[in-house]
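Subject: Handing over the structure

Hello,

Here is the structure we talked about. Please open it next to this email and follow along.

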Amino acid sequence: MIGAVRTWLTSITAVTLLLSVVQLLVPEGTMRKVASFTGGLLLLAALLQPILKADITQLHLSLSEYSEAIEDCAEELETAGKEELAGIIAEQTAAYIWDKADALGLEIDVQVKTEPGEDGTPLPVSVELEGPQSLELAEWMARELGIPAERQVWHEGKN
């Protein structure tokens, strides 16, 4: 690659030096204008040499590969977004339960598990609580959050 660039720059330098010498030797007038025009064409050809020599048949653009890569990236972003949303929903639900427990005078630790709903949105499906069991809090979670008693795990005495 560097050898090709070196050859290209050498050819441009050689053409430029040759044109300078020709400009000095050609007398002023129409002949100089013709020599300048011809020299300009030669310099342009030297500049465009890499493009003119390029083998376009070897140029291969695989749009399907790029399309697949873009789809893969989009899926990864969507998955990461759903995981982030699930974490936020779990945290907010746990905070909501903790606030209700605090209002009932209970000291508990809460961990909420989420799963995707019908539309893919994460929903709280189960809860694990550490602290004294409260029937009132259990009924509230079933009624307000849709987490029935069979998906509420209480660990008493660990708090």
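Which residue takes a positive phi just after α4? That residue is Gly105, with a phi of about 85 degrees. One caution before the rest: this is a predicted model.

**The α1 and α2 pair**

Start with α1, residues 2-25, and α2, residues 30-47. Their axes come within 9 Å. They cross at roughly 175 degrees. Angles over 145 degrees count as roughly antiparallel, and α1 and α2 are therefore roughly antiparallel to each other.

On the α1 side, the contact is made by Trp8, Ile12, Val15, Thr16, Leu19, Val22, Gln23 and Leu24. On the α2 side are Arg32, Ala35, Ser36, Gly39, Gly40, Leu42, Leu43, Ala46 and Leu47. By type, the residues of this contact divide into 11 nonpolar, five polar and one charged.

**Helix α4**

Next, α4. This helix runs over residues 63-103 and has 41 residues. From its first C-alpha to its last, α4 reaches 59 Å. That is close to the 60 Å expected at 1.5 Å a residue.

Which residues of α4 are buried? They are Ala86, Ile89, Ala90, Thr93, Ala94, Ile97 and Ala101. An α-helix has 3.6 residues a turn, so residues three or four places apart point the same way. What covers the buried residues of α4 includes β1 (109-116), β2 (122-130) and α5 (135-145).

Look at Trp98 too, which also lies in α4. Trp98 counts as partly exposed, at 43% relative accessibility. Beyond residues up to four places away in sequence, Trp98 touches Ile108 and Val110. Glu83 is 15 residues from Trp98 in sequence, and 22 Å away in space, C-alpha to C-alpha.

**The aromatic pair**

How many aromatic pairs does a search of the whole structure find? The search finds one. Tyr96 and Trp140 form this pair. Their rings are 5.0 Å apart, centre to centre. The planes are at 55 degrees, and the pair is tilted.

Tyr96 lies in α4 and Trp140 in α5, so the pair ties together parts that are 44 residues apart in sequence. Tyr96 counts as partly exposed, with 43% relative accessibility. Trp140 is buried, at a relative accessible area of 6%.

**Strand β1**

Is Thr114 buried or exposed? Thr114 counts as buried, because its relative accessibility is 18% and the cut-off for buried is under 20%. Setting aside residues up to four places away in sequence, Thr114 touches Ala86, Ile89 and Ala90, and also Pro122, Leu123, Pro124 and Val125. Of these, Ala86, Ile89 and Ala90 are among the buried residues of α4.

Val112 is buried, with a relative accessible area of 14%. Apart from neighbours within four places in sequence, Val112 is in contact with Ala90, Thr93, Ala94 and Ile97, and with Pro124, Ser126 and Val127. Now compare positions along the chain. Val22 is 90 residues from Val112, and their C-alpha atoms are separated by 86 Å.

Asp119 counts as exposed, at 63% relative accessibility. Asp119 and Leu25 are 94 residues apart along the chain, with 83 Å between their C-alpha atoms.

Leu129 lies in β2. Leu129 is buried, with a relative accessible area of 0%. What does Leu129 contact, leaving aside its neighbours within four places in sequence? The list is Ile97, Ile108, Asp109, Val110, Leu137, Met141, Val153, Trp154 and His155. One of these, Asp109, is 20 residues from Leu129 along the chain, and the two C-alpha atoms are separated by 5.6 Å.

That is the tour. Over to you.

Best wishes

Terms used: Residues numbered from 1 in each chain as written. Predicted model: local features only at pLDDT ≥ 70, side-chain atom pairs only at ≥ 80, totals over all residues. Heavy atoms only, no water. Axes fitted to C-alpha atoms, helices over the stretch in contact; angles between N-to-C directions. Helix = DSSP H or I, 4+ residues; strand = E, 2+ residues; numbered from the N terminus. Parallel < 35°, antiparallel > 145°, perpendicular 65-115°, else oblique. Contact = heavy atoms within 4.5 Å. Nonpolar A, V, L, I, M, F, W, Y, C, P; charged D, E, K, R; others polar. Expected span 1.5 Å × (residues − 1). Buried < 20%, exposed > 50% of the residue type's maximum accessible area, 1.4 Å probe, protein only. Phe/Tyr/Trp six-rings, centres within 6.5 Å; stacked < 30°, edge-to-face > 60°.
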